[in-house]
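Q: I would like to learn how to read helix packing and charge pairs in a model. Please take me through one.
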Amino acid sequence: MDFSAAGKASTEAKRFLARLGLDQNLVKRIAIAMYEGEMNIAIHGGGGSAELEISTDKVEILFQDKGPGIADLELAMTEGYSTASEEVRSMGFGAGMGMPNMKRNADSMIVDSEPGAGTRISLMFNLSKTGPER
Amino acid sequence: MKVEDIVRILDAKIFAGEEQLSLDLNSACGADLMSDVMAFVKDRVVLLTGLMNPQALRTADLLDIKVVVFVRGKKPTADLVEMAKEMGMTLMTTKYSMFLACGRLYEAGLRGGGVRGID
């Protein structure tokens, strides 16, 4: 598994959002959620895509992968639960905080996944309010 | 606590970002799991970690963490040093273990850290 590029898109997205002059706390929330999503795609999804859409009142990120899907969503959303391999853990990931961190930072999170059918996760961040203080 | 104090207390060697010695920090996070770092968000943080890969620096960068200490004498590779310089980050290595490095900083007055309740 090649992880060397994982996280690069989120780093670039963060710089781009910061240049737009968005609130620093909001930029950090988006960057964390996107990084977790990006790592999940690299770890579990076998590669995939993240689309970032910015409009006047919100930022949306759509993650899509063709991985094995999520068998038990409730478990996947539980802090500390992870199905990541030892190899992934040895690289500093698989703490079982990925999806909970995404949910905590986004204003809304929709997960669409079935075993064998891949995973789509949609995150939305309101620009009109400051959101949860971190 | 200033970066230069951290260097002294941890008897650390700096590999990048020597220009930030007077940067003032008030909290620390010691972790090898990057998602745990991302669940911990404070301002003016020093990250202590045993994880030496690009993701450790990317995680720090995303959280606006400007100072990273590698514990147990792990020296960063040339690639990581270059990456840290591009990110404007201070990288250092201490001979101390995670436990001892955190303990020394705490004892010296760096007390800020994330505390989360147990549900």
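Q: How many salt bridges does a search of the whole structure find over all chains?
A: Side chains of opposite charge can pair when their charged atoms come close. Here the search gives 9 salt bridges over all chains. A salt bridge is a side-chain nitrogen of Lys or Arg within 4 Å of a carboxyl oxygen of Asp or Glu. One joins two chains, because Lys14(A) lies in helix α1 of chain A and Asp64(B) in the loop between α3 (54–62) and β4 (67–70) of chain B. The N to O distance for Lys14(A) and Asp64(B) is 2.4 Å.

Q: What should I know about the model itself?
A: This is a predicted model: local features need pLDDT of at least 70, side-chain atom pairs count only at pLDDT 80 or more, and totals for chains, interfaces and linings use all residues. Residues are numbered from 1 along each chain as its sequence is written, chains are lettered from A and ligands numbered from 1 in the order in which they are written, and side-chain values use heavy atoms, with hydrogens and water left out.

Q: How many salt bridges cross the interface of chain A and chain B?
A: The rule finds 4 there. In the interface, 29 residues of chain A are in contact (heavy atoms within 4.5 Å) with 23 residues of chain B. The buried area is about 2000 Å², and carbon and sulfur atoms give 52% of it. Buried area is the accessible area (1.4 Å probe) that two parts lose on being put together, summed over both.

Q: At what angle do α1(A) and α2(A) pack?
A: Two packed helices are described by the angle between their axes and the distance between the axes. For α1 (residues 8–19) and α2 (residues 24–43) of chain A, the angle is about 160° and the axes are 9 Å apart. Angles run from 0 to 180 degrees between N-to-C directions, with axes fitted to C-alpha atoms over the stretch in contact. Helices are DSSP runs (H or I, at least four residues), numbered from the N terminus. So α1(A) is roughly antiparallel to α2(A); the label needs an angle over 145 degrees, while under 35 counts as roughly parallel.

Q: Which residues of α1(A) and α2(A) meet?
A: Among them are Ala13(A) and Leu17(A) in α1(A), and Ile30(A) and Met34(A) in α2(A). The contact residues divide into 9 nonpolar, 1 polar and 3 charged.

Q: Is α1(A) roughly parallel or roughly antiparallel to α3(B)?
A: The axes of α1(A) and α3(B) are 10 Å apart, at about 20°. That makes the two helices roughly parallel. Lys14(A) and Arg15(A) are among the α1(A) residues in this contact, which meet Arg58(B), Asp61(B) and Leu62(B) in α3(B). The count is 1 nonpolar, 2 polar and 5 charged.

Q: How do the axes of α2(A) and α5(A) cross?
A: They come within 9 Å and cross at roughly 150°, α5 being residues 98–105 of chain A. The pair is therefore roughly antiparallel.

Terms used: Parallel < 35°, antiparallel > 145°, perpendicular 65-115°, else oblique. Nonpolar A, V, L, I, M, F, W, Y, C, P; charged D, E, K, R; others polar.
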